[in-house]
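Here's a friendly walk through a protein model, taken one part at a time. Have a look at the structure first, then read on.

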Amino acid sequence: MIKPYLRAPALVRTWVVSSSLFLAGTVNAQQFSIAAGAIDACAGVLEDTGGPSGQYGNNENHTVVICPTNPGDGISLQWAVFNLSTAGAPNTWDQVSIWDGNSTGATFLGSYTGIQLSGLTVSATTFNPTGCLTVRFTSNNAGTGDFAASISCITPCDRPTAVAV
């Protein structure tokens, strides 16, 4: 939406462009389900099992390993939608857990529930030689929700090397 804006002293008309103008159009990205098991991609969307128009179900347990297509790159997940059910006992809430590597034996980055990851980005660290992220989703039997994250790849900077002078 474009709105006129008048600056008082000079009465100069300028135009303010709303960010909604830039969201017009359709973005087509490959969609990957959390149930995929393995994803090798530097672009796409990781989604719950309900897909773009539904919610995940009760009693789900899925683990997916997401790896970059370019050696040396790292995976980055930007959580656009993160609305997990917090129904039931607190230690049984639906959750997403993330590891910095290609298995659940890698460095644990954390477990998240509710809306904790909404709008945030989780990326592979420079200490991760695979560049992969492992994501596990579990849901209890007390409620459903939805989540989606854009998948992209980052190219880490070269580590500095000491030079003797």
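This is a predicted model: local features need pLDDT of at least 70, side-chain atom pairs count only at pLDDT 80 or more; totals for chains, interfaces and linings use all residues.

## The second largest pocket

What classes of residue make up the lining of the second largest pocket? There are six polar residues, five nonpolar ones and three charged ones.

## The largest pocket

Now for the largest pocket, with a volume of about 240 Å³. It is lined by 13 residues, and those closest to its centre are Gln-31, Val-45, Glu-47, Pro-52 and Ala-148. By class, the lining of the largest pocket splits into seven nonpolar, three polar and three charged residues.

Which strand gives the most to the lining of the largest pocket? That would be strand 12, with three residues. If you want to find these parts in the viewer, strand 12 covers 146-154, and strand 5, at 43-47, also supplies at least two residues of this lining.

## The chain as a whole

Stepping back, the chain has 12 strands and zero helices. Follow the sequence along and you simply read β-β-β-β-β-β-β-β-β-β-β-β.

The chain has 165 residues, and 33% of them count as buried. Take the contacts between residues at least 6 apart in sequence: 70% of these join residues at least 24 apart.

Five of the strands come together in an open sheet, in the order 4-6-11-8-9, with mixed pairing. Going from one strand to the next, the twist averages 20°.

Is strand 8 largely enclosed or largely open? Strand 8 spans residues 95-100, and five of its six residues are buried, so the rest of the structure largely encloses it.

On one hand, strand 8 pairs with strand 11 (residues 133-138) in the antiparallel sense, over five bridges. On the other, strand 8 runs antiparallel to strand 9 (residues 107-112), and five bridges join the two. A hairpin of six residues links strand 8 to strand 9.

## A look at Ala-35

Last stop: a loop residue. Ala-35 lies between strand 3 (31-33) and strand 4, in the loop that connects them. Its relative accessible area is 43%, so Ala-35 counts as partly exposed.

Which residues does Ala-35 touch, leaving aside those up to four places away in sequence? They are Thr-49 and His-62. Ala-35 can also be placed relative to Glu-47: the two are 12 residues apart in sequence, and their C-alpha atoms are 9.0 Å apart in space.

Methods
Residues are numbered from 1 along each chain as its sequence is written. Side-chain values use heavy atoms; hydrogens and water are left out. On a 1 Å grid over the protein atoms alone, a cavity is a set of points where a 1.4 Å probe fits but cannot get out, and a pocket is an open set with protein on both sides within 12 Å along at least five of seven lines; lining residues have an atom within 4 Å of a point. Grid points are joined across faces, edges and corners, and a volume is the space filled by probe spheres set on the points. Helices (H or I, at least four residues) and strands (E, at least two) are DSSP runs, numbered from the N terminus. Ala, Val, Leu, Ile, Met, Phe, Trp, Tyr, Cys and Pro count as nonpolar, Asp, Glu, Lys and Arg as charged, and the others, Gly among them, as polar. Buried means under 20% relative accessible area, exposed over 50%, partly exposed in between (1.4 Å probe, protein chains only). Two strands pair if DSSP finds at least two bridges between them. Axes are lines fitted to C-alpha atoms, for helices over the stretch in contact, and angles run from 0 to 180 degrees between N-to-C directions. Contact means heavy atoms within 4.5 Å.
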